Amino acid sequence: MNITADLFSPIWYWSFDIAFALLLLMATNFLEWHELRGDKELQHRFGLSLVILVLIWSMRAGISTGLGIHFFLVTTLHLVFGWQLAMYAVALAILGMVWIGKESWQGIGINGFVSGVVPILCTYTLWRIQRKSRLNSPFAFIFLVAFLGAIISVVASGVLMTAIFLGAGVYDFDHIVSQFWIYVPLIALPEAILNGTFITGMIVFRPEWVKLFDQKKYFN
C-alpha cells in the first residue's frame, strides 16, 4: 500500500497495529510449533515463500500515496501452510518491506489487515463452504477456493482499504476510484490465475504440501 508515516492520524495506526498484534497472538496460540520445528522441509518452503512474497509485494502499481496495489498470493499461502503460518508469513513479509524501505513501520497493522487478514478470511470462508458441500472434486477445490478465493480477496481488500481512506478523510471516493479501482480488474484475474496455477501444480505433483487439501476426500 506504500503507506507513509504521516498519511493517517496516530489513532488509525495504533488501532490496526494492536488488532493485528492480537491476531498474531491468536495465531501463535493455535500454531503447531512441534510440526514446524520438526519438519526441515516445511521450514525451507516457508522461508522460500517469504522471499517470493517480498519480491512480489515490492512490485506494485499506483500513483497516489497509500493506494499502491500488488499481487497478494496469500490465498496460496493459506492453503499450503494454514491460516496460522500464513499470518506469520504476512507479518514477516511486511517487516521485510519496511526493512527495504517500501513501507513505513507505522503502517504494519493496516497493511497486515488489507494484505493479509482479509485475504485469509476470504479464503477460509470459501474453503469451509466448499468443504461442507458435495463437490469433492479436486477441480472444485482449485476453482472455488484457490481461483475464486483469490479474486474475492483482492476485491474485499480493496473495499477495506477504501473504507479506511474514506473514514480517515485522506482521499475522497472519486479519487480512490480513479487512482486505485481502475487497477483492480488488472490485478484480480492474474491474481486468480497465479494462485490457481500454484495450487494446481502442487496438487498434481506434491499434494501433501497443500495443508488444507484433503487427499482422502478428493482422491477417493
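A salt bridge is a side-chain nitrogen of Lys or Arg within 4 Å of a carboxyl oxygen of Asp or Glu. In this predicted model, Arg45 forms such a bridge with Glu41, and their closest N and O atoms are 3.4 Å apart. Both residues belong to helix H3, 4 residues apart, which means that about one helical turn separates them. Their surroundings are described by relative accessibility. Arg45 counts as buried, at 16%. Glu41 is partly exposed, with a relative accessible area of 40%.

By this rule the count comes to 3 salt bridges. Another of them joins the side chains of Lys211 and Glu32, at 3.8 Å from N to O. Lys211 lies in the loop between H8 and H9, and Glu32 in the loop between H1 and helix H2 (33-38), so the bridge ties together parts that are 179 residues apart in sequence. Lys211 is partly exposed, at 42% relative accessible area. Glu32 also counts as partly exposed, at 37%. Glu208 and Arg206 make a further bridge, with an N to O distance of 3.3 Å. Glu208 is partly exposed at 45% relative accessibility, and Arg206 is partly exposed at 39%.

Aromatic rings also pair. The structure holds 14 aromatic pairs. In one of them, Phe8 and Phe165 are tilted, with 5.1 Å between the ring centres and 45° between the planes. Phe8 sits in the segment before helix H1 (10-30) and Phe165 in helix H6 (residues 138-168), so this pair links parts that are 157 residues apart in sequence. Both residues are buried. Phe8 and Phe165 belong to one aromatic cluster, together with Trp12, Tyr13, Phe16, Phe20, Phe113 and Tyr171.

The largest nonpolar core has 63 residues, of which Phe20, Trp57, Phe141 and Ile199 touch the most other members. Elements giving two or more residues to this core include H1, H6 and helix H8 (184-205). H4 gives the most, with 14 residues. Helix H8 also holds Ala188, which counts as buried at 8% relative accessibility. The C-alpha atoms of Ala188 and Leu148 are 9.6 Å apart in space, while the two residues are 40 apart in sequence.

Trp14, Ile18, Leu22 and Leu25 make a nonpolar surface patch of about 470 Å². Of these, Ile18 is found in helix H1.

The chain averages 90, and 97% of the residues score at least 70.

How values were computed: Residues are numbered from 1 along each chain as its sequence is written. This is a predicted model: local features need pLDDT of at least 70, side-chain atom pairs count only at pLDDT 80 or more; totals for chains, interfaces and linings use all residues. Side-chain values use heavy atoms; hydrogens and water are left out. Rings of Phe, Tyr and Trp (its six-membered ring) pair if their centres lie within 6.5 Å; planes under 30 degrees apart count as stacked, over 60 as edge-to-face and the rest as tilted. Buried means under 20% relative accessible area, exposed over 50%, partly exposed in between (1.4 Å probe, protein chains only). pLDDT is the predictor's confidence in each residue, from 0 to 100. Patches are made of residues with over 30% relative accessible area and no salt bridge: like charges are joined within 9 Å, nonpolar side chains (Val, Leu, Ile, Met, Phe, Trp, Tyr) within 5 Å. Accessible areas come from the Shrake-Rupley method with a 1.4 Å probe; for residues, only the protein chains shown count as cover. A nonpolar core is a set of buried Ala, Val, Leu, Ile, Met, Phe, Trp, Tyr and Cys residues joined through side-chain atoms within 4.5 Å.
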